[in-house]
Amino acid sequence: MKTSPLPPWPATELAAMSETALHQAARSRVEQAWQRCCEVCPALPAPKVWFNLRGASAGQAHLGHGGLRLNPVLLSENRTAFFDEVIPHEMAHWLVFHLDNGPRLKPHGREWKTVMRDLFGLVPSVTHRFDIKQAQSAPYRYQCDCRFHQFTPRRHALVVNGRHYRCRHCAKTLVYRPEVDL
């Protein structure tokens with residue numbers, strides 16, 4: 001079964017949406033993708049949708065909780081790409097997981113690639129190329145002998161709990177410097 005991508009969502013309409021309207025439109029897009037998946041797997045359950053994913057990931061098929069997690073910052077900054085690529089990508093994971101032996105299949109394996117190509121008409125791309133600066137905050141400043149480094153809250157917590165990091169350039173241990181402005 002070869003098919004074309006989901007119909008494009010008007011870019012001007014996406015650009016003008018408020019956050020609430022954008023989230024509702026994303027839910028509608030998930031519904032469209034789910035309906036397409038149901039053409040080949042009628043018993044496929046509808047996924048729930050959450051906008052609580054943080055960091056560098058655009059989306060995640062959260063199979064244990066029964067739905068898709070989407071990154072609201074990256075969604076807001078990359079609206080068209082989310083509707084055209086990210087949502088179908090995550091729905092392909094959702095469909096493959098629900099196939100026979102789905103939990104044993106590789107996340108970006110042959111079956112997932114087939115769904116991306118044949119059901120959604122897309123090139124199966126594993127990663128996105130979004131600018132993640134706004135989505136992945138790194139407010140903790142560390143210093144070595146040659147430069148400053150920005151740490152995420154997670155990495156900073158590891159340091160607080162005793163982990164040490166070294167600079168890849170000068171090999172000195174990084175030291176927390178909250179008072180230093182960059």
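Modeller: Let us begin with burial: a residue is called buried if its relative accessible area is under 20%, exposed if that area is over 50%, and partly exposed in between. Please keep in mind that this is a predicted model. F83 has a relative accessible area of 0%, so F83 is buried. W9 is buried as well, because its relative accessible area is 17%.

Biologist: Is A171 buried, exposed or partly exposed?

Modeller: A171 has a relative accessible area of 43% and therefore counts as partly exposed. Its place is in the loop between helix 6 (153-160) and strand 6 (175-176). The C-alpha atoms of A171 and C146 are separated by 9.5 Å, and the two residues are 25 apart along the chain.

Biologist: What is the arrangement of the rings of F151 and Y165?

Modeller: That pair is also read from a distance and an angle: the centres are 5.3 Å apart and the planes are at 80°, so the pair is edge-to-face. F151 belongs to strand 5 (residues 148-151) and Y165 to the loop between helix 6 and strand 6, so that distant parts of the chain, 14 residues apart, are linked. Both F151 and Y165 are buried.

Biologist: Which residues do ring pairs link into a cluster, and which charged end sits over the ring of F151?

Modeller: The cluster consists of Y140, Y142, F151, Y165 and Y176. Over the ring of F151 sits the charged end of R155, 5.4 Å from the ring centre.

Biologist: How should I read the packing of two helices?

Modeller: Two packed helices are described by the angle between their axes and the distance between the axes. Helix 4 and helix 5 have axes 9 Å apart and pack at an angle of about 125°. That makes helix 4 oblique to helix 5. The crossing of helix 4 past helix 5 is right-handed.

Biologist: Which residues of helix 4 and helix 5 meet, and which residues of helix 5 are buried?

Modeller: From helix 4, P88, H89, A92, H93, L95 and V96 meet E111, W112, V115, M116 and L119 of helix 5. The buried residues in helix 5 (residues 110-119) are W112, V115, M116, D118 and L119. They pack against helix 2 (19-38) and helix 4. After helix 5 comes G121, with a positive phi near 65°.

Biologist: At what angle do helix 2 and helix 4 pack?

Modeller: The angle is about 45°, and the axes of helix 2 and helix 4 are 9 Å apart. That makes helix 2 oblique to helix 4. Helix 2 passes helix 4 in a right-handed crossing. In this contact, L22, A25, A26, R29, V30, A33, W34 and C37 of helix 2 meet R79, F83, D84, I87, M91 and L95 of helix 4.

Key. Residues numbered from 1 in each chain as written. Predicted model: local features only at pLDDT ≥ 70, side-chain atom pairs only at ≥ 80, totals over all residues. Heavy atoms only, no water. Helix = DSSP H or I, 4+ residues; strand = E, 2+ residues; numbered from the N terminus. Buried < 20%, exposed > 50% of the residue type's maximum accessible area, 1.4 Å probe, protein only. Phe/Tyr/Trp six-rings, centres within 6.5 Å; stacked < 30°, edge-to-face > 60°. Lys NZ or Arg CZ within 6 Å of the ring centre and 35° of its normal. Contact = heavy atoms within 4.5 Å. Axes fitted to C-alpha atoms, helices over the stretch in contact; angles between N-to-C directions. Parallel < 35°, antiparallel > 145°, perpendicular 65-115°, else oblique. Left-handed = near helix turned anticlockwise from the far one by under 90°.
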